[in-house]
Amino acid sequence: MSIKPLFIVVEDDEDDRDLLKLAYQEGEYNCELVFAEDGQHALEVLQSLKTRPSVMLLDINMPKMGGLTLLEKLKNSSVWKEMPIVMLTTSDNEDTIHRAYGLGANSYIVKPTNFRGLSNLWDTVYHFWTDTVQLPVQAS
(Lines give C-alpha, C1' and ligand atoms only; values in the text may rest on other atoms or scores of the structure.)
Protein backbone atom coordinates (compact mmCIF):
# COMPACT_ATOMS: atom_id res chain seq x y z
CA MET A 1 0.00 0.00 0.00
CA SER A 2 1.40 3.38 -0.95
CA ILE A 3 1.44 6.30 1.43
CA LYS A 4 -0.56 9.39 0.52
CA PRO A 5 1.74 12.23 -0.52
CA LEU A 6 2.02 14.97 2.08
CA PHE A 7 2.41 18.58 1.00
CA ILE A 8 3.53 21.13 3.58
CA VAL A 9 2.70 24.76 2.80
CA VAL A 10 4.65 27.45 4.63
CA GLU A 11 2.70 30.67 4.23
CA ASP A 12 2.19 33.56 6.66
CA ASP A 13 -0.76 35.17 4.87
CA GLU A 14 -4.01 33.71 6.22
CA ASP A 15 -5.94 34.66 3.06
CA ASP A 16 -3.42 32.83 0.87
CA ARG A 17 -3.63 29.75 3.13
CA ASP A 18 -7.43 29.84 2.98
CA LEU A 19 -7.44 30.17 -0.82
CA LEU A 20 -5.06 27.25 -1.19
CA LYS A 21 -7.21 25.15 1.16
CA LEU A 22 -10.25 26.02 -0.95
CA ALA A 23 -8.44 25.08 -4.18
CA TYR A 24 -7.44 21.78 -2.54
CA GLN A 25 -11.02 21.10 -1.38
CA GLU A 26 -12.47 21.86 -4.83
CA GLY A 27 -10.58 19.02 -6.49
CA GLU A 28 -10.10 15.33 -5.95
CA TYR A 29 -6.56 15.22 -4.63
CA ASN A 30 -5.19 12.08 -3.04
CA CYS A 31 -2.81 13.81 -0.66
CA GLU A 32 -2.61 15.46 2.71
CA LEU A 33 -2.04 19.17 3.12
CA VAL A 34 -0.40 20.64 6.23
CA PHE A 35 0.21 24.33 6.88
CA ALA A 36 2.84 26.27 8.80
CA GLU A 37 2.68 30.03 9.34
CA ASP A 38 6.38 30.86 9.07
CA GLY A 39 9.80 29.24 8.88
CA GLN A 40 10.11 28.66 12.61
CA HIS A 41 6.67 27.08 12.76
CA ALA A 42 7.59 24.91 9.74
CA LEU A 43 10.57 23.46 11.61
CA GLU A 44 8.28 22.61 14.53
CA VAL A 45 5.69 21.04 12.20
CA LEU A 46 8.37 18.99 10.40
CA GLN A 47 9.58 17.57 13.73
CA SER A 48 6.02 16.59 14.73
CA LEU A 49 4.96 14.87 11.51
CA LYS A 50 4.70 11.09 11.42
CA THR A 51 4.93 11.09 7.61
CA ARG A 52 7.77 12.76 5.76
CA PRO A 53 6.50 15.50 3.41
CA SER A 54 6.75 14.76 -0.29
CA VAL A 55 7.02 18.46 -1.18
CA MET A 56 7.18 21.82 0.57
CA LEU A 57 5.59 24.95 -0.90
CA LEU A 58 7.48 27.84 0.66
CA ASP A 59 6.72 31.55 0.78
CA ILE A 60 9.67 33.94 1.07
CA ASN A 61 8.61 37.03 2.99
CA MET A 62 7.49 35.89 6.44
CA PRO A 63 8.02 36.99 10.05
CA LYS A 64 10.19 35.11 12.56
CA MET A 65 12.02 33.12 9.88
CA GLY A 66 11.71 33.90 6.19
CA GLY A 67 11.57 31.38 3.41
CA LEU A 68 15.13 31.79 2.16
CA THR A 69 16.51 31.21 5.66
CA LEU A 70 14.36 28.10 6.06
CA LEU A 71 15.35 26.90 2.58
CA GLU A 72 19.03 27.21 3.49
CA LYS A 73 18.55 25.37 6.79
CA LEU A 74 16.67 22.50 5.16
CA LYS A 75 19.02 22.07 2.22
CA ASN A 76 22.00 22.02 4.63
CA SER A 77 20.31 19.38 6.78
CA SER A 78 21.11 15.71 6.28
CA VAL A 79 17.51 14.89 7.26
CA TRP A 80 15.66 17.30 4.94
CA LYS A 81 18.01 18.09 2.05
CA GLU A 82 16.28 15.72 -0.41
CA MET A 83 12.79 17.08 0.26
CA PRO A 84 11.72 19.05 -2.83
CA ILE A 85 11.04 22.70 -2.07
CA VAL A 86 8.94 24.86 -4.37
CA MET A 87 9.22 28.58 -3.71
CA LEU A 88 5.71 30.06 -3.99
CA THR A 89 5.87 33.81 -3.53
CA THR A 90 4.77 37.19 -4.82
CA SER A 91 8.37 38.25 -5.51
CA ASP A 92 9.57 38.19 -9.09
CA ASN A 93 12.84 39.90 -8.20
CA GLU A 94 15.69 38.40 -10.26
CA ASP A 95 18.18 38.53 -7.36
CA THR A 96 15.72 36.67 -5.12
CA ILE A 97 15.11 34.05 -7.80
CA HIS A 98 18.87 33.49 -8.27
CA ARG A 99 19.38 33.32 -4.50
CA ALA A 100 16.58 30.77 -4.07
CA TYR A 101 17.99 28.48 -6.76
CA GLY A 102 21.48 28.98 -5.38
CA LEU A 103 20.26 27.78 -1.99
CA GLY A 104 18.76 24.65 -3.53
CA ALA A 105 15.14 25.47 -4.43
CA ASN A 106 13.68 22.89 -6.80
CA SER A 107 11.46 25.45 -8.50
CA TYR A 108 10.31 29.04 -8.16
CA ILE A 109 6.73 30.11 -8.84
CA VAL A 110 5.24 33.59 -8.62
CA LYS A 111 1.80 33.45 -7.00
CA PRO A 112 -1.14 34.13 -9.28
CA THR A 113 -3.19 37.22 -8.47
CA ASN A 114 -6.62 35.55 -8.41
CA PHE A 115 -8.28 32.41 -7.08
CA ARG A 116 -8.73 30.72 -10.47
CA GLY A 117 -5.03 31.15 -11.20
CA LEU A 118 -4.13 29.76 -7.77
CA SER A 119 -6.48 26.81 -8.25
CA ASN A 120 -4.94 26.02 -11.65
CA LEU A 121 -1.47 26.37 -10.17
CA TRP A 122 -2.29 24.00 -7.28
CA ASP A 123 -3.61 21.45 -9.80
CA THR A 124 -0.42 21.69 -11.86
CA VAL A 125 1.88 21.48 -8.83
CA TYR A 126 -0.05 18.54 -7.39
CA HIS A 127 0.01 16.52 -10.60
CA PHE A 128 3.65 17.29 -11.32
CA TRP A 129 4.85 16.19 -7.88
CA THR A 130 2.54 13.17 -7.60
CA ASP A 131 2.16 11.87 -11.17
CA THR A 132 5.21 13.05 -13.12
CA VAL A 133 8.34 13.01 -10.98
CA GLN A 134 9.88 10.12 -9.11
CA LEU A 135 10.45 11.08 -5.48
CA PRO A 136 12.78 9.26 -3.09
CA VAL A 137 11.09 6.37 -1.29
CA GLN A 138 10.00 7.46 2.17
CA ALA A 139 11.47 5.47 5.04
CA SER A 140 8.85 4.03 7.35
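In which pattern do helices and strands follow one another when the protein is read along the sequence?

View 1. Read along the sequence, the protein follows the pattern β-α-β-α-β-α-β-α-β-α, and it holds five helices and five strands; helices (H or I, at least four residues) and strands (E, at least two) are DSSP runs, numbered from the N terminus. This is a predicted model, in which local features need pLDDT of at least 70 and side-chain atom pairs count only at pLDDT 80 or more, while totals for chains, interfaces and linings use all residues. Residues are numbered from 1 along each chain as its sequence is written, and side-chain values use heavy atoms, with hydrogens and water left out.

**View 2. The overall dimensions of the protein.** The C-alpha atoms fill a box of roughly 45 × 35 × 25 Å, taken along the principal axes. For 140 residues, a compact globule would have a radius of gyration near 14 Å, and the 14 Å of the protein agrees with this; the radius is taken over C-alpha atoms, and the globule rule is 2.2 Å times the number of residues to the power 0.38. Of the 140 residues, 46% are buried (buried means under 20% relative accessible area, exposed over 50%, and partly exposed in between, with a 1.4 Å probe and protein chains only).

**View 3. The crossing of helices H1 and H5.** The axes of helix H1 (residues 14-26) and helix H5 (residues 115-132) come within 9 Å and cross at roughly 60°, which makes H1 oblique to H5. Here axes are lines fitted to C-alpha atoms, for helices over the stretch in contact, and angles run from 0 to 180 degrees between N-to-C directions; angles under 35 degrees count as roughly parallel, over 145 as roughly antiparallel, 65 to 115 as roughly perpendicular and the rest as oblique. Among the residues of H1 that meet H5 are Leu19, Leu20 and Ala23, and among their partners in H5 are Phe115, Leu118 and Trp122, where contact means heavy atoms within 4.5 Å.

**View 4. Lysine 64 in its loop.** Lysine 64 is found in the loop between strand E3 (55-58) and helix H3 (67-75), and it has a positive phi of about 65° although it is not a glycine. Most residues other than glycine have a negative phi. Lysine 64 is exposed, with a relative accessible area of 75%.

**View 5. Histidine 98 in helix H4.** Histidine 98 is found in helix H4 (residues 94-102) and is exposed, with a relative accessible area of 55%. The C-alpha atoms of histidine 98 and leucine 118, 20 residues apart along the chain, are separated by 23 Å.
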